[in-house]
Amino acid sequence: MFTNAGTSSFTAFLSKVAPEMLPGRRPLPPGMAADLAPHATTIVAIAAAGGVVMAGDRRATMGNLIAQRDIEKVHPADAYSLVGIAGTAGIGIELMRLFQVELEHYEKIEGAMLSLDGKANRLASMIRGNLGAAMQGLAVIPLFAGFDLAAGDPARAGRIFSFDVTGGPYEETGYDAIGSGSLFAKSALKKRFRAGLSIDDAVRLAVEALYDAADDDTATGGPDLTRRIYPVVMMATAEGTRRLTDAETATIAEGVVSGRMENPGG
Amino acid sequence: MAMQFYASPEQIMRDRSELARKGIARGRSALVLSYEGGVLFVAENLSSTLHKVSEIYDRIGFAAVGRYNEFENLRRAGVRMADLNGLSYDRRDVNGLALANAYAQTLGAIFTEQSKPFEVEICVAEVGATPEDDALYRLTYDGSVNDEPGRMAMGGQAESISGVLKSQHRPDMSLSEAVRAAVQALSSVGGEGGAARTIAANQLEVAVLDRRRVGRTFRRITGAALTGLLDGDAGADNAPAPGRAKTPTVPTEEANKPTTSAGSADLEGQQTEQPEA
């Protein structure tokens, strides 16, 4: 079964040899299951000059409880792209792991990386596979962003794609946010985003937007100064993906918090 | 009615072995050897796109000689198996031995059950923390496995190439020394009247599994970097591999951390200190 000629897609291979490993292929008992599992919340992405920045808060909630304070919802999808997950945490993490293997698998089999649009389309079809579970309350919505190696103008190489439970992808201009706090994060970004931001400014703006989301949405966690838990901030540029170190995010988050001490509205 | 001729099992196996050996001996050779910084693959290959050497997983590489369609099929199977195991368990649970065993089973079954054996010889190489920890498995057309001592040659005239390589190879060689030794061994045969010849850089396929990298260690060496190594340019040893910067060049604590993601550990970058909960 491993030697059959055919697909370069790992999910297509799994659907033949181990369909139980695909999240969408599991039979669910009838009824709503939304309150069963923790939910991951807000992710923001901002296109900047020469790349794209993605940041996520660290909270997972279960109803009115905080299920986890330090969950990591933003991950590299491959060397040049990032994926963030909102919705049912367990399925989200599983989909993200599967997506990472999908991209790496294609790259190894074909000897070349998928185009950025190709990656977004693969992710859309994987989300679509989860539609049944989504209708029972176990929805997962990713946010996908990456540096487009094929872009002519490096200033426009940072691209963002959003999705819904039926798939997608929808390319976004400039910025986007997903998850329970996305309404507030997007409102903040709408007023502050300018085309051609530098990467550093975009990082600061992303942390500010997450602060605004946490300010008004109980399911989004703000910077936790007492436990030193700060948002996960990643970027994809021509040099590849990079995650800001804890020290770097601490400095930025503390700057944002001290700014809000003087002006709570930011 | 056609006459049924009796052929003894020994005769059938001998015929199949002969067919496979002849097929393999027609092709150009490939070498795999350990050096101080990792495992080096050098293959003589006129094509720059139809690879004889490729990546299987984080620390596992693959080299093959013989029929392209047959070893390409095996390579894909290996990538599928490694990715499936890495996703089901963890990236650290994928190892070269399991893959070598799976290849041995497949090749053995094809040799005895199919009317034509695969005309291939392959090497599964796994890079370890030191040259002594590297594992090179040689798999032949009939499914036999050999654990090779830090170096191996496959393909046409492999024995004489192997002899030259053995006299040159040391596990503590630098990359440029290892590349030059490998090219010298490859070019020691095939000239006029069995004499040595020269092989141009564009006819070589060179790749390494870099011992010091975290995550995916496989890198191809092409173009100027390769010419630099062949010319004995000492600086080329430390030349950054094309592609991504910011990858640690020495093993760090992160090498031992559990990977959060099924994607490669080298993508994750810095791991946060655990917050005091």
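1. Leaving aside neighbours within four places in sequence, A:Thr41 is in contact with A:Asp57, A:Arg59, A:Thr61, A:Ala86, A:Gly179, A:Ser180, A:Gly181, A:Ala219 and A:Thr220. These contacts, like everything below, are read from a predicted model. The residue A:Thr41 sits in the loop between strand S1 (39–40) and strand S2 (43–48) of chain A, and an unreviewed UniProt entry annotates A:Thr41 as "active site".

2. As general background, nonpolar side chains tend to be buried together in soluble globular proteins.

3. For A:Val52, the contacts beyond four places in sequence are A:Ala45, A:Ile46, A:Ala47, A:Ala145, A:Gly146, A:Phe147, A:Gly158, A:Arg159, A:Ile160, A:Met235 and A:Ala236.

4. Turning to chain B, an open sheet of five strands is found there, in the order S8-S1-S2-S9-S10 and with antiparallel pairing. Strands S8 and S10 (218–221) of chain B stand at the edges with a single partner strand each, so one side of each is left without a neighbour in the sheet. From one strand to the next, the twist averages 15 degrees.

5. Helix H4(B) lies across S1 and S8 of chain B and runs at about 155 degrees to S8(B), whereas helix H5(B) lies across S1, S2 (38–44), S8 and S9 (204–210) of chain B, running at about 30 degrees to S2(B).

6. Which residues of helix H4 (residues 158–168) of chain B are buried? They are B:Ala158, B:Ile161, B:Val164 and B:Leu165; seen down the axis of H4(B), these buried residues fall within an arc of 130 degrees, so they line one face of the helix. On the other side of H4(B), B:Glu159 and B:Ser167 are exposed. The cover over the buried residues of H4(B) includes strand S1 (30–35), strand S8 (151–154) and helix H5 (175–186) of chain B.

Terms used
Residues numbered from 1 in each chain as written. Chains lettered and ligands numbered in written order. Predicted model: local features only at pLDDT ≥ 70, side-chain atom pairs only at ≥ 80, totals over all residues. Buried ≥ 20, exposed ≤ 12 C-beta atoms within 10 Å, placed from the backbone. Helix = DSSP H or I, 4+ residues; strand = E, 2+ residues; numbered from the N terminus. Arc of directions from axis to C-beta. Contact = placed C-beta atoms within 7 Å. UniProt positions renumbered as here; feature names shortened; annotations may be inferred. Pairing = 2+ DSSP bridges. Axes fitted to C-alpha atoms, helices over the stretch in contact; angles between N-to-C directions.
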